[in-house]
Amino acid sequence: MMQTIRLIFLFIICSFSVRAQQPFSRDYTLSESATPTKVNAIVQDDIGNIWLGTDWGLYFFNGQVFTKLTDTINSKDNSHKAVTALASAHGRVVVGYANGKLAEIINYEAIELHIRNAKPTSSITSISLEASGIMFVCTEEEGIFFVMNNIGLNLNSSKGLPDNFVYKVSVLSDERILLGSDNGIADIEWLHNKTNIQSFTSAQGLPDNIVRVIKSIPNTPWYWLGTQEKGLALYNKDSKKIWVPEMSGTWTWGQVNDIVSISAHHTIVITDNGYLLNIDLKDSMHAVVKTNLFPNKKLQKLLLDKAGNLWAATDQGLTLISSEYISYFELDAPYALRKVTAIACDKNNTLWFAQNNELYRILLNAPDKVPVHTYTAEATITSLYVDKENRLWIGTFGKGLWYRTGDGAVIRAIGPEVLKNESILNINGTESNLWLAGLNGLEELSYPTASDKQIKPVKHHNKSSGIGTDYVYELYPDREGNIWMATDGAGVCKYDGKNYYHWDFFNKLKSEVVYTVTEDKFGDIWLGAKDLYRLHNYQWENMRAAEITGSMDINISAVIGNGSGQVISVYQRSMEVWYPKSHSFRHFNRKLGLGIDSTPLVLNCVTSDTSGNVYVPFEKGIIIFNKQDSLYDIRPSVDITNSSVYLKNATRQRHVFPYDENDISFHFKGINFTNPDPLNYRYMLNGYKERWINTNDESVTFPRLPPGAYTFIVQASLNNDFVNANEDTYTFVIATPYWRKAWFIAAIVILLIGLTYIIILQREKRLKNMSKLQEERMVFEYEHLKSQVNPHFLFNSLNTLTNLIEENKDTAAEYTVKLADLYRNMLAYRDMDLIFLSEEWEILHDYFYIQKCRFGDALILQADIPEKLMHSKKVIPLALQLLVENAIKHNIVSNSYPLIISISADDDEIRVSNPIKSKMSKEKSEGIGLKNISNRYKLLTKKRIKFGVEGNEFIVILPLL
Amino acid sequence: MIRVRSYFLVFFLLIGPLSWGQTNSIYIINKGTVRFYSEAKQELISASSDQIKGAIDMSKKSFLFKIGIASFIGFNNPLQREHFNENYMETDRYPEATYSGKIIEDVDVSKNGEYDVRSKGKLKIHGIERERIIKAHITCKNGMIKIECNFIVPLAEHDIKIPRIVMDKLAPDINVTVTAILAPNS
């Protein structure tokens, strides 16, 4: 009777203390006012931004803030802003709305896709983007649309679809898709331009006709089918068979809303009732379900981001779920973190932990983690170790060494006297020997055997034997058989069976205390001193040198590697995990908001199980750092969101700036779902200064950039270590002003050369002309002088003068004056190129006077020269005089045949004409008079003189200049 | 636009089958009751109406039900009914609630039997349409169909705002029970 009551009591206790492994989680609301917003869709784009579709529009999240996108597509009608579907693949993000519209996100803007031919008009349930560019759009009322190059084709129930309400499509191959509807699934194949639709409903073994989710299982031909009421089923695309694997009883977790397939075995399912199910598919027929409940939430959609975070879109916002990398199980009293003194895990995955004198065990493989009290020691248990034969070694404070055998008995180790009352700091072992760190140095011991319980000392190691100190906090045998020691007083020490090795780099730290030492999956040794060090390629490096150590706590208490090559280090108030591929730490502290704010107080109070999960006690129970199927990439990314010129926004598409728009700012945003601390950035402007500049700001301005081609590169890092950092680049050109462009300069140069050439040419021509003119003039002058001193002329003139002296003295005097004038003027003007018409007229007048005196009325000059031309026009000197002289020279001048010389002028030319009455005996003519005039005109102008016989007249036309 | 479209829907689904449907796959509500109750901290409110109209096309597995909001009676006091119509449901603007859609599971009307089915469709209350899955119990007997179902209407989903002052008197989720007997349209 009593026993029954006790059993019932125990049962009640057990049912109250059901402690399953569960993830840490954190809720986010999209708005600052913390009002719940239902999230309908969630995707992560290629850069890393998380996009969220809600009834009120589109948001994106970079790990820090939610930003609402201004809706330009549905601005008219509020009710249609609802985003019901999102898809991200192959560099594209496509949005589906409740009104059937589709948009693509380009540069943080939703640009409507205008679909031609068939386009959806009812609410979009899901979108699938293929590498080929085809987009599958599932709708509530119109079946499915295939969109290629914005041309849509519709497939609905009138063409053989089982139902018009289509939830989801999965692409099986190039010509085959699988879709889930309200009336089962349809396997659609295109063969020889024929659509072959094969439907599967409950008649074909489908547990439920409403199939809401279809998800491919990696590396298998299988697909998960998530239904509305009956949970999960599997579909084999090769055999076209549907079956339901055996799970933990009937489906009680509600409507399946989303599925994430992580590996062939591991699948995560979320439901409308708030359940997150971790499904371990053992084989095609059997699956084990581990459930976690998120009460009062509908889990709508699930996203696994690149950093390994699970993001559940809920009816209230967003929930971060950590189960891919960290989880925990709660432990009730008498568990208390402050009492935990040692922890170890055995080969059967039993977790042992000690609270002072008490030893407890937890079966890690059991769904409910309940600690069972196993043993009470005589003194505080300081160390636990499980050897190769699965014996649990128990080290105590002041009461020596004990061990628990396979049959459950705990016995005192029989061996050297020194073990009896030793205070044991740490126990570890190699294949052959057991190592014990105590207050008197190290004991290397033999293991007890079935026949011989006696433990024999192999070697005693202490300060004088070569360690350099008697105190060793942790012993670690590496894979090569060396024993590593974390010592107090001698730094880290390696013992290879013969010699002790030390490193003196600790001098720099002024500390010779190392608390913890371990080896990671790659064979690198890690140790925790005042900082965290790694021995990599024979070099110790401070792994936290790049971190902002000022704000972090440095009291490291344990370091341990897990099965995926990560290293977990435990500090006083935080923990961190080293991601070797990302070359970064993931921090777990209070700031993260997950509720991790306590760590064990005792050194090296961590352990790992057979599959490589690491266990660390904390306030509520035990934290598990999961061994991961794949190592996630926790590196933050950075996105150059826009550039601006003189603080005015330019778009990201702009890559060429005019030379006067050279004050360019770049704005970038970090995307980080890992650590709560602000990101560090560094940037460089290639083409300007090839040097990295570190910053915490999210914008940078380059004033007055010279013309040229540039590439702006920005990288983001969780710390100041930019090895393997993600980056974004922006290539742009500041245009060269036209006056600095090659073609322009070349043109100018050619022009100048041409001009110079022309000038030189002109000058040369002019000089040549001048010299020719000079020559001509000299000839002319010579000829002229010759003609003027022509004895005939002189003889005639003097004869005339003689006659005049006899007839009229006054006239003779005047004649003499005119003759003198004539000669003076001839002399004055002969070396000039041009003289005014008036001056020439004067010469002619003097000359004519002299001739008139000789010939009297037999010589008549008819002149008609407008007065205005006299002082404005020029002729070459002595031209008219020469022409008149010629006329007199060649024609008869007598009273019976008077010579009438006519001179008339207009604006352009002067005309000298006389009727021809040739002399019988010609005066000797050099014939050079006219030729000379003509040559001189040629040298001065393009205008030519004309002369010739016209009717009975000899005419000479001189151009007026 | 939306309203016009839904009226068309009503027209075709209701009037259409009634006037042109010559097959006996169409069943019309003979008698039915819609009842709702709100269970808040301070007050239990319930009301009902027997003015439900509707039809099911068993061959197409589609249905449409509608009810005039003003026909609900049985409130705790006349003022409450006035508030219900004027403040919450805005009956002038949105005089009807409708539910149209399809039945997921197969029902064989020709034989006597009972079925638990899911109906899936658009529930329109207060002018706001919501895609819902509502479970129903169907009893077929002698060519007649009896439908029983109950479901929850979250007021927030239909944009029905509750003043803070009546938070304790009005539940945010309203329970609705529908019973109807349908006979073939002859």
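The C-alpha centres of domain 4 and domain 5 of chain A lie 91 Å apart. Both belong to a predicted model. The domain assignment gives chain A five entries: domain 1 (23–327), domain 2 (328–339 + 515–629), domain 3 (377–507), domain 4 (637–735) and domain 5 (777–959). Domain 2 is written in two segments, 328–339 and 515–629.

How far can the model be trusted? Chain A averages a pLDDT of 86. In chain A, 93% of the residues score at least 70. Residues 7–17 of chain A are another matter: pLDDT stays under 50 there. For this stretch the model has three contacts beyond four places in sequence. Where pLDDT is low, the predicted coordinates should not be read in detail.

Tyr108(A) sits in the loop between strand S9 (102–105) and strand S10 (110–112). Its phi is near 60°, a positive value in a residue other than glycine. Further along, a cis peptide bond joins Ala333(A) and Pro334(A), with omega at about 15°. Pro334(A) also lies in a loop, the one between strand S31 (326–330) and strand S32 (340–345) of chain A.

Next comes a sheet. Four strands of chain A form an open sheet in the order S40-S41-S42-S43, and the pairing is antiparallel. Which strands stand at the edges? They are S40 (424–429) and S43 (457–461) of chain A. Each has a single partner strand, so one side of each is left without a neighbour in the sheet. Neighbouring strands are turned by 15° against each other on average, direction ignored. Look at one pair in detail. Strand S42 (residues 441–446) of chain A and S43(A) pair in the antiparallel sense over four bridges. Glu444(A) has Lys459(A) in S43(A) as its bridge partner.

Move on to a pair of helices. Two packed helices are described by the angle between their axes and the distance between the axes. Helix H5 (residues 809–829) and helix H6 (residues 837–855) of chain A have axes that come within 9 Å and cross at roughly 145°. The crossing of H5(A) and H6(A) is left-handed. Which residues meet here? From H5(A) they include Tyr815(A), Leu819(A), Leu822(A) and Met826(A). Among those in H6(A) are Ile843(A), Tyr847(A), Ile850(A) and Cys853(A). The residues of this contact divide into ten nonpolar, one polar and five charged.

A second sheet has five strands. This open sheet of chain A runs in the order S69-S71-S72-S74-S73, with mixed pairing. Strands S69 (859–864) and S73 (946–950) of chain A stand at its edges. Each has a single partner strand, so one side of each is left without a neighbour in the sheet. Strand S71 (residues 899–905) and strand S72 (residues 909–915) of chain A pair in the antiparallel sense over four bridges. Ser904(A) has Arg911(A) in S72(A) as its bridge partner. Helix H8 (residues 879–890) of chain A packs on this sheet. H8 touches S71, S72 and strand S74 (953–959) of chain A. The direction of H8 makes about 155° with that of S71(A).

Finally, turn to where the chains touch. The contact takes five residues from chain B and five residues from chain A. On the side of chain B that touches chain A, the residues divide into two nonpolar, no polar and three charged.

How values were computed. Residues are numbered from 1 along each chain as its sequence is written. Chains are lettered from A and ligands numbered from 1 in the order in which they are written. This is a predicted model: local features need pLDDT of at least 70, side-chain atom pairs count only at pLDDT 80 or more; totals for chains, interfaces and linings use all residues. pLDDT is the predictor's confidence in each residue, from 0 to 100. Two residues are in contact if their C-beta atoms, placed from the backbone, lie within 7 Å. Two strands pair if DSSP finds at least two bridges between them. Helices (H or I, at least four residues) and strands (E, at least two) are DSSP runs, numbered from the N terminus. Axes are lines fitted to C-alpha atoms, for helices over the stretch in contact, and angles run from 0 to 180 degrees between N-to-C directions. Ala, Val, Leu, Ile, Met, Phe, Trp, Tyr, Cys and Pro count as nonpolar, Asp, Glu, Lys and Arg as charged, and the others, Gly among them, as polar. A crossing is left-handed if the near helix is turned anticlockwise from the far one by less than a right angle, and right-handed if clockwise. Domain bounds come from an automatic or database domain assignment.
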